Amino acid sequence: MEKRDHWYIPVLKEQLLKGRIERREFLRTATLLGLSAGAAYGFVGMLTGDGLLPRAQAQSEPKRGGNFRVAMPVQEMVDPATFDWVPKSNVARHIVEYLTMTGPDNITRPYLAEGWEASDDLTSWTFHLRKEVFWSNGDPFTADDVIYNFTRWLDPAVGSSNAGLFDAMLEEVSTDRRDEQGNRVVEKRMTSRAIEKVDNHTLRFRLNAPVLSVPENLYNYPTAIVHRRFAEEGGDLSKNPIGTGPYELAEFEIGKKAVLKRRDAPYWGSRVTDDPYFGGEVYLDQITYIDKGLESEASLAALAAGEVDGIYEVYQESLAAAEQISGALVSEAQTAQTGAIRMQVTQKPFNDPKVRAAIVAASDNAVLLEQGYADRGVEGGNHHVAPIHPEYYALPRLRRDLGKARELLAEAGHGDGLRVTCNVGNTNGPWQEATLRVLAGQLAGAGITLELNVMSAAEYWQTWKQAPLGLTAWTHRPLGTMALSLAYRTGVPWNETNYANPKFDAALDKAESLLDVGERTAAMKDVEQILRDDHIMIQPFFQSIYSATDNKVRGYRTHPTLYHQFQKVWIK
């Protein structure tokens, strides 16, 4: 059957021609609707003269072979569906792969899926899988593998965060269990019509509501596709690393080392010629991850001594030291990575909206950015949508108001002051504790005493969803709607605030359904405003992030989510 372009692609072309949308928004939306990256960039090139696909890095003579040694935490790697740290996925992503790929340019393109089409109303998505892809155990990759993964992701017993991204494939089901009040517990489960197997390499997803971001959601780091017998054969990727990727797991020891070696069998991606990030020959013979802990100092020392060739992340406090290392290249990515100082709306004293509003009124995000993160980022608006997001709506800046904060506290019965404790684990750098210490000084002006419970990163993540108040790091997502669906939709696994607002859910549904850039941005005004007005967090800034490599490493670019895409990396 001949592939039909989505009806909105000609509209996008017209908007680009008339200057109503920017090049990046055209590329992002057109590729989401199924236009190939080559065709999308080609159309842009007709207008600008630079329509070639982006290159990972200028390189004249790529060299095959070598061992790329990277300093990065080596964590447990049991079940990709429940991954909660990007480093876990970075080891796994060269073994198991994704249906789509979002490159460092923030544009999503085909990966294990060779293409897709969306229905006119965005409630039906047809995905075409690549043929002649085989698992490392010899089994063919088919639609049954994808169905198996979706079924696991959307099973509440698995507890995958992916359920938040694919909420439109779920329905509420009453269970036999009862809560403390004796009411039947309601769960969200996958609808019976959610996935249709058209043939062995074609699937159709049927949604309960229109969603534009389906392809981008499929490159969220817990959406790696595992073998259809994953759970049956132990359910532990580190012990049974069957994958479709170019590498196999040769060594693995938590907290110490993970070694990936190129598979002897030909890699299916070597036949792909139209993508600069994974197509064609894979150069590296080996990738070695070496755990140097979460602090930058040990990793920087290893880079300076020649023990590693790259560092997963350089914290902003260590940038000056990194730039002094001979032969080191420090690269930056502007991101939507952030820290949410969030309050659980179901626990005292934060179940009182006036208390939450008082805490927010006493804070100053601009100062938190300047003093907590050395002004290396952009100010946040307490709604978790960043200026880098294509659907971002610029609400008025927040202003500190100590008088209002004291008035709200008095109305809430805390006229003599309030004492609260915030958990912090410095899970991706000491900026977290530094930011909270600045915030403590701000809150003191309103009679609020903020005490810090400084924990190890491991301790923090063990209790992050139970703490009444905590600072949680959230990684970059290419769309604001992705972050909001993961973190704030009613009942989703990663909703650490216990926030449940049907008005917010409905507004987010509307924003996700709109094709027109202007209409989608206008709809996000309501989404952002509702979240801000409910005062569930102080979200002070979005961070620029940094990584470093030796100058002999070629083809490497810092991904805004710190995803490792090493298929085109080579060692000079």
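Begin by selecting strand 7, which gives the most to the lining of the largest pocket, with four residues; strands (E, at least two residues) and helices (H or I, at least four) are DSSP runs, numbered from the N terminus. This is a predicted model, in which local features need pLDDT of at least 70 and side-chain atom pairs count only at pLDDT 80 or more, while totals for chains, interfaces and linings use all residues. Residues are numbered from 1 along each chain as its sequence is written, and side-chain values use heavy atoms, with hydrogens and water left out.

Next, display Val186, Glu187, Lys188, Gly491 and Val492, which are the closest to the pocket's centre of the 20 residues that line the largest pocket.

Now move to helix 15 (residues 480-487) and helix 16 (residues 502-513), whose axes come within 11 Å and cross at roughly 150°; axes are lines fitted to C-alpha atoms, for helices over the stretch in contact, and angles run from 0 to 180 degrees between N-to-C directions. That makes helix 15 roughly antiparallel to helix 16, a term used for angles over 145 degrees. To see the contact (heavy atoms within 4.5 Å), select Thr481, Leu484 and Ser485 of helix 15 together with Phe504, Leu508 and Glu512 of helix 16.

Definitions and conventions
Parallel < 35°, antiparallel > 145°, perpendicular 65-115°, else oblique. 1 Å grid on protein atoms, 1.4 Å probe; cavity = no way out; pocket = protein on both sides within 12 Å on 5 of 7 lines; lining within 4 Å.
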